[in-house]
Amino acid sequence: MNRLNSYLKVYKPCFSLLPLSRTSKTTYNFHNSRSNSFGFRLFANVTADNVETIDPADLSRLRQLRNIGISAHIDSGKTTLTERVLYYTGRIKAIHEVRGKDGEGAKMDSMELERERGITIQSAATYCNWNWESHGNYNINIIDTPGHVDFTIEVERALRVLDGAVLVLCGVSGVQSQTITVDRQMRRYNVPRISFINKLDRVGANPFSIIEQIRQKLKITAAAVQIPIGLEDNLKGVVDLIKWKAYYNEGNRGVKVIEKEIPEGLIKLASEKRQELIENLADVDDQIADIFLSEGTPTSQQLMDAVRRSTVANKFSPVLMGSAFKNTGVQKVLDAVCAFLPNPSEVHNTALDLNQKEAKVDLLPYSKNPFVGLAFKLEDGKYGQLTYIRVYQGALKRGSFVINSRTLKKVKVPRLVRMHSNEMEDVEEVGAGEICALFGVDCSSGDTFTDGVLSYSMTSMFVPDSVISLSLSPKVKDTTNFSKALGKFQKEDPTFRVSYDVESKETIISGMGELHLDIYVERMRREYNVDCVTGKPQVAFRETIMSKAKFEYTHKKQTGGAGQYGKVIGYIEPLIVEEDEEPLPIFESRVVGGHIPSNYIPAVEKGFLDGLGKGTLIGHPVKNVRFVLEDGTYHAVDSSELAFRLAALYAFREAFLRAKPVILEPIMNVSIMAPLEFQGAVIGNLNKRKGTIVNTEVQDDLFVANAEVSLNNMFGYSSDLRSLTQGKGEFSMEYKTHQPVMPYIQEELMAEYKKKMAEKK
């Protein structure tokens with residue numbers, strides 16, 4: 001206890017702490033008390049057992065460490081913002097534009113395809129140092145993520161390992177479809193965010209309308225901590241509502257940040273928005289609520305601390321403003337990252353203890369604790385597989401040995417690097433809370449590594465289902481690079497799936513959209529010298545049932561000698577699973593009395609899973625079905641695992657046809673933005689495609705339409721929209737759910753499938 005109090009004495013200037021309170025299991029909890037100059041607090045529990053391992057230097061390092069992602073809807077300016085951040089922090093010496101018109105391209109878009117198309121395809125990691133005013137030097141790990149929905153897994157795995165994020169919004173378009181998706185992903189992993197309204201130099205920019213959209217569409221308390229000085233061509237700087245100062249970017253590329261008094265003409269607006277900030281904070285922070293109710297005025301420091309507390313607690317999002325392209329307001333975003341987003345010791349991370357029936361255990365981000373790290377991203381580099389790892393506790397050293405919790409293989413770490421886009425810098429050691437990469441370790445995305453002292457496993461990221469497929473074959477047969485490339489891509493990207501259709505003898509690739517698959521086909525040509533022929537895109541239909549159906553099936557076959565015998569009795573029923581919900585058990589055995597020996601039960605489950613792999617209606621996978629085995633019989637000589645597996649398969653197929661089977665098709669959320677003059681034509685085309693208009697908004701001379709449309713009806717929409725809007729319209733599309741097709745479409749699909757099967761006979 002004395003040693004613990006000595007740590008409190010050392011860190012009182014840095015952390016806001018009350019005296020330790022003793023709780024059960026000799027755990028001493030740090031409690032947040034009055035505000036201080038930083039507003040930091042230590043969330044992780046400190047126990048009597050681990051207090052000896054806390055190094056003051058390690059705590060100081062963690063306090064000035066941030067792991068952030070930059071996420072947004074496509075074309076909101078994420079990569080441009082990251083480029084400016086790297087320039088202002090001294091990581092790069094010159095700024096290059098995203099599309100690579102100067103032959104260079106943005107640093108974080110290192111892939112040739114990214115520079116050609118002007119989009120981010122793969123998330124890229126880097127790190128930089130930022131001197132936040134008088135508070136010292138901060139180390140920031142940054143992951144720049146794609147905005148296109150087809151590459152949503154890149155956002156998913158980045159947010160899985162990050163402590164905070166910058167949500168970038170276009171000052172004209174505001175909250176768009178992929179913004180809502182990113183918001184949902186941030187909530188899934190409980191990632192606090194600051195919001196940056198970018199592109200305020202564009203015609204029609206309206207930041208206060210965007211803040212209202214954040215509140216209404218994202219359902220999060222948000223308020224401006226800045227207001228712009230001018231808009232569109234007159235954008236000159238920002239006013240800080242907390243510090244009550246104006247900031248201008250001057251010099252080459254806006255390197256110099258000049259502090260001045262607030263312009264006289266903005267005093268009234270700034271006062272209104274500061275009061276709005278206080279009112280919104282009072283809704284989520286008790287200390288500001290007390291001041292507000294007593295009709296007091298909070299100080300700048302009280303506001304800073306309240307914004308930080310409520311942001312870290314994920315109750316509030318401070319909104320900053322500027323234009324990355326015009327070099328305005330970017331340095332203040334870096335200040336906000338240091339001021340408002342959590343450090344690794346303030347984030348609650350857990351693992352599953354495999355020795356304690358997967359009981360949840362807290363991870364403490366200190367370097368002297370046993371090592372635990374998560375491999376969240378794989379890349380096939382010129383030196384072999386590059387594995388990105390987030391170190392959750394302990395330290396990782398070059399030359400040390402780590403154990404894969406899934407395979408239990410012990411491997412040596414031959415090379416340890418920090419990534420700077422496609423460049424790397426060798427390091428000897430990385431501490432807890434850091435993000436790094438290593439070579440020479442064979443693993444899969446989502447694997448947990450430990451040093452062998454602990455038997456822990458981290459939960460993996462959410463992986464959405466694929467929505468589109470197409471057949472793929474190399475132009476030149478017997479090429480080894482074809483299968484090698486597909487294997488590598490599958491390992492890198494969990495949403496890219498490869499299967500082989502035995503009947504058509506075709507390789508089928510599946511993914512999140514046409515662009516997703518197109519990129520992989522192009523990468524195969526460029527990186528592996530394999531030209532491929534692709535078939536017509538196929539929608540990822542699914543099959544399911546609408547009612548309960550009983551089964552009683554006997555599989556009996558006599559072949560001379562020992563035969564095959566297995567009888568299964570039970571029922572199948574539909575499962576209702578909401579989006580992102582944990583799936584319920586789809587197989588359940590209620591057999592008692594040994595009517596079916598326990599060693600045959602797994603074979604029954606395998607037979608049922610065989611049936612799920614290929615439905616009876618059109619040969620697509622079956623989803624949301626539960627199989628309940630209630631009874632059965634066996635034969636002492638003729639029964640076998642194979643017999644019960646076949647009995648379950650045939651029983652499922654028979655019951656499936658009696659359970660009102662339906663075909664499900666993927667429904668997409670489609671968001672279209674186009675000039676107002678083309679609204680009628682665009683809406684008419686959506687109606688023609690049997691889309692359901694969810695809502696429409698008018699923003700100056702533009703309109704935004706959101707609709708739900710079947711993916712099967714969306715092929716060729718890109719060219720249609722261009723011709724309808726004279727090339728001025730743009731749209732984005734993301735998967736929402738699977739819904740039953742219309743009865744007449746189901747009949748057509750079934751007839752087409754029967755015809756196809758008959759031709760193969």
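1. Helix 12 and helix 13 are oblique to each other. This is a predicted model, so the points below concern computed geometry. The angle between helix 12 (residues 480-492) and helix 13 (residues 514-528) is about 125 degrees. That value falls in the oblique class because roughly perpendicular ends at 115 degrees and roughly antiparallel starts over 145. The axes of the two helices lie 11 Å apart. Their crossing is right-handed.

2. Which residues make the contact between helix 12 and helix 13? Helix 12 contributes N481, F482, K484, A485, L486, K488, F489 and E492. Helix 13 supplies Y520, R523, M524, E527 and Y528. By class, this contact of helix 12 with helix 13 has seven nonpolar, one polar and five charged residues.

3. Next, helix 9 and helix 10. Helix 9 (residues 286-293) packs on helix 10 (residues 300-312) at an angle of about 135 degrees. Their axes are 9 Å apart. Helix 9 is therefore oblique to helix 10. From helix 9, the residues in contact are Q287, I288 and I291. Helix 10 meets them with Q302, L303, A306 and R309. The contact of helix 9 with helix 10 comprises four nonpolar, two polar and one charged residue.

4. Helix 10 also packs with helix 8 (residues 267-284). The two axes come within 10 Å and cross at roughly 50 degrees. Helix 8 is thus oblique to helix 10. The crossing of helix 8 and helix 10 is left-handed. On the helix 8 side, R274, I278, L281 and V284 make the contact. On the helix 10 side, the residues are S300, L303, A306, V307 and S310. Six nonpolar, two polar and one charged residue form the contact of helix 8 with helix 10.

5. How many cavities of 30 Å³ or more does the whole structure hold? The search finds seven. The largest cavity has about 120 Å³ of space. It is lined by 13 residues, and those closest to its centre are D240, K332, D335, A336 and F340.

6. Which helix gives the largest share of the lining of the largest cavity? Helix 11 (residues 330-340) does, with five residues. Taken by class, the lining of this largest cavity splits into eight nonpolar, one polar and four charged residues. Among the residues closest to the centre are the charged D240, K332 and D335.

Conventions: Residues numbered from 1 in each chain as written. Predicted model: local features only at pLDDT ≥ 70, side-chain atom pairs only at ≥ 80, totals over all residues. Heavy atoms only, no water. 1 Å grid on protein atoms, 1.4 Å probe; cavity = no way out; pocket = protein on both sides within 12 Å on 5 of 7 lines; lining within 4 Å. Points joined across faces, edges and corners; volume = space filled by probe spheres on them. Helix = DSSP H or I, 4+ residues; strand = E, 2+ residues; numbered from the N terminus. Axes fitted to C-alpha atoms, helices over the stretch in contact; angles between N-to-C directions. Parallel < 35°, antiparallel > 145°, perpendicular 65-115°, else oblique. Left-handed = near helix turned anticlockwise from the far one by under 90°. Contact = heavy atoms within 4.5 Å.
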